[in-house]
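Good morning, colleagues. I shall speak briefly about helices and their surroundings in the model now on the screen.

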Amino acid sequence: MILHRALLSTALLASLALTSSAHAQSVDPAAIATQALDHLDAGQYAQAEQLFGAQMAAAVPEDKLKAVWESLPAQMGPAHGRDAAHISAQGDTQFVQIPLHFEKAELLAKFAIAASGKIVGFLIQPAQSTAPAPAVATDANFSERDFSVGDGERALPGTLALPKGTGPFPAVVLVHGSGPQDRDATIGPNKPFLDIARALAAQGIAVLRYDKRTKARPQDFAGGNFGVDDETTNDAVIAVDALRKTDGIDPKRIFVLGHSQGGMLAPRIAAVSGHVAGLILMAAPSRPLLDILIEQNRRLAALNDGKIDDAERAAINAIIEQVRITRDPKTAATSPTVMGQPAGYWRSIEAVDAVSEAQQVKLPMLLLQGARDIQVVDADWQNWRDAFADDTHATFKLYPKLNHLGIAGEGEGSLTEYQQPGHVDAHLLTDVAAWVKQH
């Protein structure tokens with residue numbers, strides 16, 4: 001998708017052809033997923049295809065599956081084994097995640113397995129690092145403490161970085177992009193939210209970051225009847241309210257920094273809250289996400305050699321079909337569609353008009369964009385520029401060398417770049433701090 005957690009390279013994509021099963025029976029999802037990987041590693045593509053549901057097998061037959069799987073070592077280097085499976089459920093569908101180790105990258109194989117025992121979805125994406133955040137230096141001019149977003153069993157764990165000294169301090173709430181994310185927005189070895197939080201705190205700005213609900217409490221989505229507000233907006237509003245009641249925080253100077261999908265939702269968060277002083281939109285999309293998803297996969301497929309091969313074309317066509325099914329009003333809201341998410345969830349995202357909602361809240365905005373971003377691209381950036389060209393409350397910052405994570409690099413961007421350790425650009429962080437202090 002457009003946001004780094006859910007972004008799929010067609011070179012890594014087997015299929016997103018998800019369906020639901022009407023006949024539940026006892027299956028061992030981990031064994032099925034492991035068997036599929038064993039077949040793929042052994043070059044037994046026909047046997048792997050036999051584990052697929054009918055729709056998926058039609059979208060990615062044996063020859064195309066072979067082409068996709070054998071493209072991995074060319075990009076990631078030799079395989080170095082895999083770890084144990086992790087299983088979760090959403091309705092009748094079981095989701096299995098198996099970490100894969102390659103020479104140049106850590107990947108995650110994700111399967112959706114219907115109650116019939118057939119594999120109805122399979123994708124591979126960059127894995128998150130499990131390394132904990134390093135401790136704050138003893139001589140740092142800020143401290144960190146645990147912070148709860150919400151109350152009771154549904155509360156989300158978080159971390160508040162608070163400057164030392166006499167407050168009250170301005171504060172920023174960090175809002176994630178798509179997919180299950182920890183409080184540091186970890187992807188590969190990179191932790192962009194950790195970078196942002198500590199850099200701003202060192203400059204006198206409190207920062208709250210927290211585990212996203214889909215990461216901390218996936219059971220809250222088990223029924224399949226949820227939307228993007230349940231996933232993101234409502235918790236961010238609670239986070240703003242919690243900060244307003246925290247000692248040392250200036251309740252009139254709380255800002256929302258949204259990254260990617262979080263940037264798209266930042267105006268909505270401000271509108272629902274009513275207590276946000278300004279918005280920082282980092283790599284924020286301005287167009288329908290499902291359209292961007294198709295566009296991204298086409299772009300990524302062509303990055304390697306400038307061409308789209310048969311396997312990549314088949315994967316893209318599978319996504320296009322899933323988008324069509326998602327938008328079809330006859331499709332039940334709880335039916336798994338694109339990336340295994342319910343149709344109703346995608347429809348709730350389609351209903352978000354980020355530019356219009358930003359115009360309506362009439363708040364100061366800082367818009368940040370990396371010119372090397374391969375996920376949220378110039379078309380989105382130009383939409384924001386056009387909409388707020390005459391608005392004196394909007395500030396635009398374009399960074400020639402930065403990617404989607406705000407990390408500097410050279411040449412064309414790629415998925416493998418996310419596996420290279422780096423840090424959010426110091427100039428971007430300085431710009432954010434200066435803007436917050438001005439407001």
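Helices (H or I, at least four residues) and strands (E, at least two) are DSSP runs, numbered from the N terminus. The model is predicted: local features need pLDDT of at least 70, side-chain atom pairs count only at pLDDT 80 or more, and totals for chains, interfaces and linings use all residues. Residues are numbered from 1 along each chain as its sequence is written, and side-chain values use heavy atoms, with hydrogens and water left out.

I begin with Thr214, which lies in helix H6, residues 213-216. Buried means under 20% relative accessible area (1.4 Å probe, protein chains only); Thr214, at 16%, is therefore buried. Leaving aside neighbours within four places in sequence, Thr214 is in contact (heavy atoms within 4.5 Å) with Gly179, Pro180, Phe221 and Glu231.

I turn now to helix H12, residues 354-361, where Ala354, Val355, Glu357 and Ala358 are buried. Seen down the axis of H12, these buried residues fall within an arc of 165°, so they line one face of the helix. That arc is taken from the directions from the helix axis to the C-beta atoms. Their cover includes helix H8 (261-273), strand E13 (365-370) and helix H13 (378-387). After H12 comes Lys362, with a positive phi near 55°.

Finally, the axes of H8 and H12, as lines fitted to C-alpha atoms over the stretch in contact, come within 8 Å and cross at roughly 35°, the angle running from 0 to 180 degrees between N-to-C directions. From H8, Met264, Pro267, Arg268 and Ala271 make the contact, and from H12, Ala354, Glu357, Ala358 and Val361.

Key:
Buried means under 20% relative accessible area, exposed over 50%, partly exposed in between (1.4 Å probe, protein chains only).
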